[in-house]
Amino acid sequence: MDRDAGDDRSLDDRSLDNGGVTAPVLRPTLVLGGARSGKSRFAEQLIVDSGLARIYLATATAGGDAEMVTRIAHHREQRGDGWRTIEEPLALVETLSREAGSGRAVLVDCLTLWLANLMYAGGDFAAASRALAGYLRQASHPVVLVSNEVGLGLVPETALGREFRDAQGRLNQIVAAAVPNVVFIAAGLPLWLKRSTAGEPTA
């Protein structure tokens with residue numbers, strides 16, 4: 001639910017109570033979780049409750065994949081009105097630099113598909129990950145990023161699958177080190193791994 005228009009607290013002092021804990025939400029936040037864990041819905045609520053203009057930065061591309069088309073349509077319906085959607089599968093830092101600004105909160109959903117896009121395109125995903133972390137360390141506007149935790153299941157059978165799992169794990173670590181807030185979602189419930197409030201140093 002959007003905050004009342006009469007709330008005159010500074011943006012950096014606002015917080016959201018989730019799962020019985022008060023969590024700062026307007027500094028950069030990484031939302032981790034497995035498939036169907038509720039991570040996207042949780043991240044969307046963080047943005048909604050900020051009371052700022054909502055930007056959804058989608059890294060997914062449907063292409064000719066009918067299942068992906070259905071998934072994207074489902075996510076749009078679930079989010080509802082009030083969002084401006086930007087689709088960008090590769091140039092994440094450039095898009096964040098352009099779109100994140102005063103009075104706006106950006107949701108990136110998700111880093112896992114962004115990484116897959118980079119690998120498929122033959123891009124330097126290690127350098128791209130470092131560039132993203134560099135941007136996030138200096139970010140002065142609200143950004144919430146969703147990413148999958150893929151290292152808790154079976155070892156992938158293929159070499160490519162193992163390479164992707166390892167790259168995803170490294171990306172999550174790099175981003176988690178760069179942002180002040182990290183939350184893990186399981187069964188729709190949040191476990192805050194890292195939190196800081198305005199004025200506190202990041203890790």
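Which residues does Val108 touch, not counting residues up to four places away in sequence? In this predicted model, Val108 touches Leu57, Thr59, Leu92 and Leu96, together with Val143, Val144, Leu145 and Val146.

Let me turn to the core. Val108 is among the residues with the most contacts inside the largest nonpolar core, a group that also includes Leu30, Leu96, Leu111, Leu132 and Leu136. That core has 32 residues. Helix H5 supplies the largest share, 6 residues. Apart from this core lies another, of 19 residues, among them Leu46, Ile47, Trp83 and Val144. As general background, nonpolar side chains tend to be buried together in soluble globular proteins.

I come now to one pair of helices. The axes of H3 and H5 come within 9 Å of each other and cross at roughly 20°. An angle under 35 degrees counts as roughly parallel, and H3 and H5 are therefore roughly parallel to each other. Their crossing is left-handed. On the side of H3, the contact is made by Leu92, Val93, Leu96 and Ser97; H5 contributes Ala131, Leu132 and Tyr135. By class, the contact between H3 and H5 has 6 nonpolar residues, 1 polar residue and no charged residues.

Definitions and conventions: Residues are numbered from 1 along each chain as its sequence is written. This is a predicted model: local features need pLDDT of at least 70, side-chain atom pairs count only at pLDDT 80 or more; totals for chains, interfaces and linings use all residues. Side-chain values use heavy atoms; hydrogens and water are left out. A nonpolar core is a set of buried Ala, Val, Leu, Ile, Met, Phe, Trp, Tyr and Cys residues joined through side-chain atoms within 4.5 Å. Buried means under 20% relative accessible area, exposed over 50%, partly exposed in between (1.4 Å probe, protein chains only). Helices (H or I, at least four residues) and strands (E, at least two) are DSSP runs, numbered from the N terminus. Contact means heavy atoms within 4.5 Å. Axes are lines fitted to C-alpha atoms, for helices over the stretch in contact, and angles run from 0 to 180 degrees between N-to-C directions. Angles under 35 degrees count as roughly parallel, over 145 as roughly antiparallel, 65 to 115 as roughly perpendicular and the rest as oblique. A crossing is left-handed if the near helix is turned anticlockwise from the far one by less than a right angle, and right-handed if clockwise. Ala, Val, Leu, Ile, Met, Phe, Trp, Tyr, Cys and Pro count as nonpolar, Asp, Glu, Lys and Arg as charged, and the others, Gly among them, as polar.
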